[in-house]
Amino acid sequence: MNIILPTKNLRTKDFLIKDGILYLRYGQSFQNAIYSLTYFMKGKRFCYYCKKSFPRNEITMDHMYPRSTGGPTIPQNLIPSCKGCNSKKKDMTFEQYQHFLAISSDIGRKMYLAKVSSFKEGIKAIGMFEIPNNWITPVKVNAIHTQIDLSDISEQKLKKAISYYQQHHQFQKAIILDRNFFSLDGLYVLLVAKACEVEYVPAIVLENVEVRQNRNIKISKR
Ligand SMILES: [Zn+2]
(Lines give C-alpha, C1' and ligand atoms only; values in the text may rest on other atoms or scores of the structure.)
Protein backbone atom coordinates (compact mmCIF):
# COMPACT_ATOMS: atom_id res chain seq x y z
CA MET A 1 0.00 0.00 0.00
CA ASN A 2 1.03 3.63 -0.36
CA ILE A 3 0.98 6.07 2.52
CA ILE A 4 -0.46 9.55 2.04
CA LEU A 5 2.30 12.03 1.20
CA PRO A 6 2.45 15.72 0.29
CA THR A 7 2.58 16.00 -3.50
CA LYS A 8 5.56 18.41 -3.50
CA ASN A 9 9.19 17.43 -3.05
CA LEU A 10 10.25 18.33 0.45
CA ARG A 11 13.21 18.04 2.79
CA THR A 12 12.96 18.44 6.56
CA LYS A 13 15.22 17.27 9.37
CA ASP A 14 13.05 14.15 9.79
CA PHE A 15 12.31 13.07 6.22
CA LEU A 16 12.81 13.65 2.54
CA ILE A 17 10.10 13.40 -0.08
CA LYS A 18 11.22 13.15 -3.66
CA ASP A 19 9.03 12.24 -6.63
CA GLY A 20 6.37 10.60 -4.51
CA ILE A 21 8.74 8.53 -2.36
CA LEU A 22 9.35 9.10 1.34
CA TYR A 23 13.03 8.52 2.12
CA LEU A 24 14.07 7.77 5.68
CA ARG A 25 17.54 7.51 7.14
CA TYR A 26 18.87 4.16 8.32
CA GLY A 27 18.44 3.91 12.08
CA GLN A 28 16.14 6.88 12.58
CA SER A 29 12.92 6.47 14.52
CA PHE A 30 10.12 5.50 12.13
CA GLN A 31 7.44 6.69 14.54
CA ASN A 32 9.01 10.13 14.96
CA ALA A 33 9.35 10.55 11.21
CA ILE A 34 5.71 9.58 10.61
CA TYR A 35 4.45 11.84 13.42
CA SER A 36 6.45 14.73 12.03
CA LEU A 37 5.12 14.05 8.52
CA THR A 38 1.53 13.76 9.76
CA TYR A 39 1.73 16.99 11.76
CA PHE A 40 3.17 18.63 8.65
CA MET A 41 0.15 17.52 6.60
CA LYS A 42 -2.62 17.80 9.20
CA GLY A 43 -1.42 20.61 11.48
CA LYS A 44 -0.31 20.85 15.10
CA ARG A 45 -3.01 23.09 16.48
CA PHE A 46 -6.34 21.59 15.56
CA CYS A 47 -8.23 18.70 17.16
CA TYR A 48 -10.01 16.61 14.50
CA TYR A 49 -12.55 15.34 17.06
CA CYS A 50 -13.87 18.43 18.85
CA LYS A 51 -12.87 20.74 15.92
CA LYS A 52 -11.24 23.26 18.23
CA SER A 53 -7.82 24.91 18.15
CA PHE A 54 -5.31 24.32 20.96
CA PRO A 55 -1.79 25.39 21.96
CA ARG A 56 0.81 23.07 20.44
CA ASN A 57 1.52 21.23 23.71
CA GLU A 58 -2.15 20.27 24.09
CA ILE A 59 -2.20 18.32 20.81
CA THR A 60 -1.41 14.59 20.71
CA MET A 61 -1.42 12.07 17.89
CA ASP A 62 -4.38 9.70 17.84
CA HIS A 63 -4.37 6.28 16.15
CA MET A 64 -7.81 6.08 14.49
CA TYR A 65 -7.59 2.30 14.51
CA PRO A 66 -6.07 1.90 17.98
CA ARG A 67 -2.71 0.29 18.50
CA SER A 68 -4.25 -2.26 20.87
CA THR A 69 -6.01 -4.00 17.97
CA GLY A 70 -3.26 -3.63 15.41
CA GLY A 71 -3.62 0.01 14.30
CA PRO A 72 -0.38 0.99 12.54
CA THR A 73 1.58 4.24 12.77
CA ILE A 74 1.02 5.47 9.22
CA PRO A 75 -0.42 8.85 8.16
CA GLN A 76 -3.82 7.50 7.12
CA ASN A 77 -4.28 6.04 10.59
CA LEU A 78 -3.23 9.19 12.46
CA ILE A 79 -4.97 12.43 13.31
CA PRO A 80 -4.05 15.24 15.67
CA SER A 81 -6.31 15.23 18.69
CA CYS A 82 -6.47 17.27 21.89
CA LYS A 83 -5.50 15.45 25.09
CA GLY A 84 -9.11 15.49 26.28
CA CYS A 85 -10.56 13.84 23.18
CA ASN A 86 -7.70 11.34 22.94
CA SER A 87 -8.23 10.09 26.48
CA LYS A 88 -12.03 10.03 26.11
CA LYS A 89 -11.73 7.99 22.89
CA LYS A 90 -9.66 5.32 24.71
CA ASP A 91 -9.11 2.32 22.41
CA MET A 92 -12.20 2.84 20.28
CA THR A 93 -11.79 3.17 16.52
CA PHE A 94 -12.64 6.49 14.86
CA GLU A 95 -16.05 5.11 13.82
CA GLN A 96 -16.82 3.54 17.19
CA TYR A 97 -16.00 6.85 18.84
CA GLN A 98 -18.36 8.76 16.51
CA HIS A 99 -21.07 6.28 17.44
CA PHE A 100 -20.24 6.67 21.14
CA LEU A 101 -20.48 10.47 20.92
CA ALA A 102 -23.90 10.23 19.28
CA ILE A 103 -25.29 8.41 22.33
CA SER A 104 -26.73 10.92 24.78
CA SER A 105 -27.32 8.90 27.94
CA ASP A 106 -24.61 7.75 30.36
CA ILE A 107 -26.11 4.29 30.64
CA GLY A 108 -26.30 4.03 26.84
CA ARG A 109 -22.62 4.98 26.55
CA LYS A 110 -21.65 2.47 29.23
CA MET A 111 -23.52 -0.30 27.41
CA TYR A 112 -21.93 0.66 24.12
CA LEU A 113 -18.43 0.58 25.68
CA ALA A 114 -19.12 -2.91 27.03
CA LYS A 115 -20.26 -4.03 23.58
CA VAL A 116 -17.16 -2.58 21.91
CA SER A 117 -14.88 -4.19 24.44
CA SER A 118 -16.42 -7.65 23.97
CA PHE A 119 -16.23 -7.17 20.19
CA LYS A 120 -12.50 -6.45 20.55
CA GLU A 121 -11.97 -9.55 22.67
CA GLY A 122 -13.82 -11.53 19.99
CA ILE A 123 -11.70 -10.37 17.09
CA LYS A 124 -8.51 -10.95 19.07
CA ALA A 125 -9.69 -14.47 19.87
CA ILE A 126 -10.09 -15.31 16.18
CA GLY A 127 -6.73 -13.80 15.35
CA MET A 128 -7.82 -10.65 13.52
CA PHE A 129 -6.82 -7.02 13.58
CA GLU A 130 -9.27 -4.15 13.61
CA ILE A 131 -7.87 -2.55 10.44
CA PRO A 132 -8.84 -2.75 6.75
CA ASN A 133 -7.90 -6.17 5.32
CA ASN A 134 -6.32 -4.68 2.24
CA TRP A 135 -3.61 -3.00 4.31
CA ILE A 136 -2.12 -6.40 5.12
CA THR A 137 -0.02 -8.75 2.98
CA PRO A 138 1.58 -11.99 4.17
CA VAL A 139 5.35 -11.73 3.73
CA LYS A 140 7.93 -14.48 4.03
CA VAL A 141 10.06 -14.06 7.14
CA ASN A 142 13.24 -14.86 5.16
CA ALA A 143 12.59 -11.94 2.80
CA ILE A 144 12.58 -9.34 5.57
CA HIS A 145 15.69 -7.26 6.30
CA THR A 146 16.21 -5.68 9.63
CA GLN A 147 18.68 -3.76 11.67
CA ILE A 148 18.48 -5.48 15.02
CA ASP A 149 20.25 -3.80 17.86
CA LEU A 150 20.35 -6.51 20.51
CA SER A 151 20.60 -3.94 23.30
CA ASP A 152 17.12 -2.70 22.30
CA ILE A 153 15.49 -6.08 22.83
CA SER A 154 13.72 -6.62 26.10
CA GLU A 155 13.67 -10.28 27.14
CA GLN A 156 10.48 -9.72 29.05
CA LYS A 157 8.69 -8.07 26.13
CA LEU A 158 9.81 -10.89 23.83
CA LYS A 159 8.57 -13.55 26.24
CA LYS A 160 5.22 -11.77 26.46
CA ALA A 161 4.96 -11.52 22.68
CA ILE A 162 5.79 -15.21 22.26
CA SER A 163 3.21 -16.23 24.82
CA TYR A 164 0.59 -14.01 23.11
CA TYR A 165 1.35 -15.79 19.86
CA GLN A 166 1.12 -19.22 21.45
CA GLN A 167 -2.19 -18.35 23.06
CA HIS A 168 -3.89 -16.62 20.11
CA HIS A 169 -2.02 -18.13 17.14
CA GLN A 170 -1.71 -14.58 15.92
CA PHE A 171 0.74 -11.71 16.19
CA GLN A 172 -0.19 -8.63 18.18
CA LYS A 173 0.14 -6.47 15.08
CA ALA A 174 1.48 -6.50 11.55
CA ILE A 175 5.12 -5.70 10.86
CA ILE A 176 5.62 -2.50 8.82
CA LEU A 177 8.08 -2.77 5.91
CA ASP A 178 9.48 -0.35 3.36
CA ARG A 179 9.31 -1.20 -0.34
CA ASN A 180 12.50 -3.28 -0.09
CA PHE A 181 11.05 -5.25 2.87
CA PHE A 182 13.23 -3.42 5.37
CA SER A 183 11.58 -3.54 8.77
CA LEU A 184 10.33 -0.13 9.99
CA ASP A 185 8.15 -1.13 12.92
CA GLY A 186 7.13 -4.35 14.65
CA LEU A 187 10.51 -5.93 15.34
CA TYR A 188 8.92 -8.29 17.88
CA VAL A 189 6.68 -9.76 15.18
CA LEU A 190 9.83 -10.87 13.41
CA LEU A 191 11.50 -12.14 16.58
CA VAL A 192 8.40 -14.13 17.56
CA ALA A 193 8.14 -15.57 14.05
CA LYS A 194 11.75 -16.70 14.23
CA ALA A 195 11.36 -18.12 17.74
CA CYS A 196 8.17 -20.01 16.81
CA GLU A 197 9.43 -21.02 13.34
CA VAL A 198 6.60 -19.30 11.49
CA GLU A 199 7.17 -18.93 7.75
CA TYR A 200 4.95 -15.93 6.97
CA VAL A 201 4.07 -12.83 8.98
CA PRO A 202 1.29 -10.28 8.43
CA ALA A 203 2.93 -7.18 6.97
CA ILE A 204 1.99 -3.68 5.91
CA VAL A 205 4.29 -3.03 2.96
CA LEU A 206 4.73 0.68 2.26
CA GLU A 207 5.42 0.84 -1.48
CA ASN A 208 6.29 4.55 -1.46
CA VAL A 209 8.69 4.49 1.49
CA GLU A 210 12.38 3.66 1.29
CA VAL A 211 15.08 3.51 3.94
CA ARG A 212 18.40 4.81 2.68
CA GLN A 213 21.13 2.52 3.95
CA ASN A 214 23.93 5.04 3.49
CA ARG A 215 24.09 7.98 5.87
CA ASN A 216 24.06 10.77 3.35
CA ILE A 217 20.93 11.03 1.35
CA LYS A 218 22.04 12.41 -1.98
CA ILE A 219 19.33 12.97 -4.48
CA SER A 220 20.36 14.82 -7.60
CA LYS A 221 18.02 17.42 -9.02
CA ARG A 222 16.61 16.67 -12.44
ZN1 LIG B 1 -10.58 17.60 21.02
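A: In this predicted model, helix H5 passes helix H6 in a right-handed crossing. H5 covers residues 155-168 and H6 covers residues 187-195; their axes come within 9 Å of each other and cross at roughly 65°. On the H5 side, the residues that meet H6 are Lys-157, Leu-158, Ala-161, Ile-162 and Tyr-165. Their counterparts in H6 are Tyr-188, Leu-191, Val-192 and Ala-195. Sorted by class, this contact between H5 and H6 comprises 8 nonpolar residues, 1 charged residue and no polar ones.

The burial of H6 extends along a run of its residues. Tyr-188, Val-189, Leu-190, Leu-191, Val-192 and Ala-193 of H6 are buried. Tyr-188, Leu-191 and Val-192 also take part in the contact with H5. The cover over the buried residues of H6 includes H5 itself, together with strand E7 (175-177) and strand E9 (200-205). After H6 comes Glu-197, which has a positive phi near 55°.

Leaving aside residues up to four places away in sequence, Val-139 touches Ile-144, Leu-177, Phe-181, Glu-199, Tyr-200, Val-201, Ala-203 and Val-205. Arg-179 stands 40 residues from Val-139 along the chain, and the C-alpha atoms of the two are separated by 12 Å.

The surroundings can be set within the whole chain. The chain contains 6 helices and 10 strands. Its radius of gyration is 19 Å, close to the 17 Å that the globule rule gives for 222 residues, so the chain is as compact as a globular protein of that length. Along its principal axes, the C-alpha trace spans about 60 × 45 × 30 Å. Of the 222 residues in the chain, 46% are buried. Among contacts between residues at least 6 apart in sequence, 67% join residues at least 24 apart. The accessible surface of the chain amounts to about 12800 Å², and carbon and sulfur atoms account for 51% of that area.

Notes: Residues numbered from 1 in each chain as written. Predicted model: local features only at pLDDT ≥ 70, side-chain atom pairs only at ≥ 80, totals over all residues. Heavy atoms only, no water. Axes fitted to C-alpha atoms, helices over the stretch in contact; angles between N-to-C directions. Helix = DSSP H or I, 4+ residues; strand = E, 2+ residues; numbered from the N terminus. Left-handed = near helix turned anticlockwise from the far one by under 90°. Contact = heavy atoms within 4.5 Å. Nonpolar A, V, L, I, M, F, W, Y, C, P; charged D, E, K, R; others polar. Rg over C-alpha atoms; globule rule 2.2 N^0.38 Å. Buried < 20%, exposed > 50% of the residue type's maximum accessible area, 1.4 Å probe, protein only. Areas by Shrake-Rupley, 256 points an atom, 1.4 Å probe, with all protein chains shown as cover.
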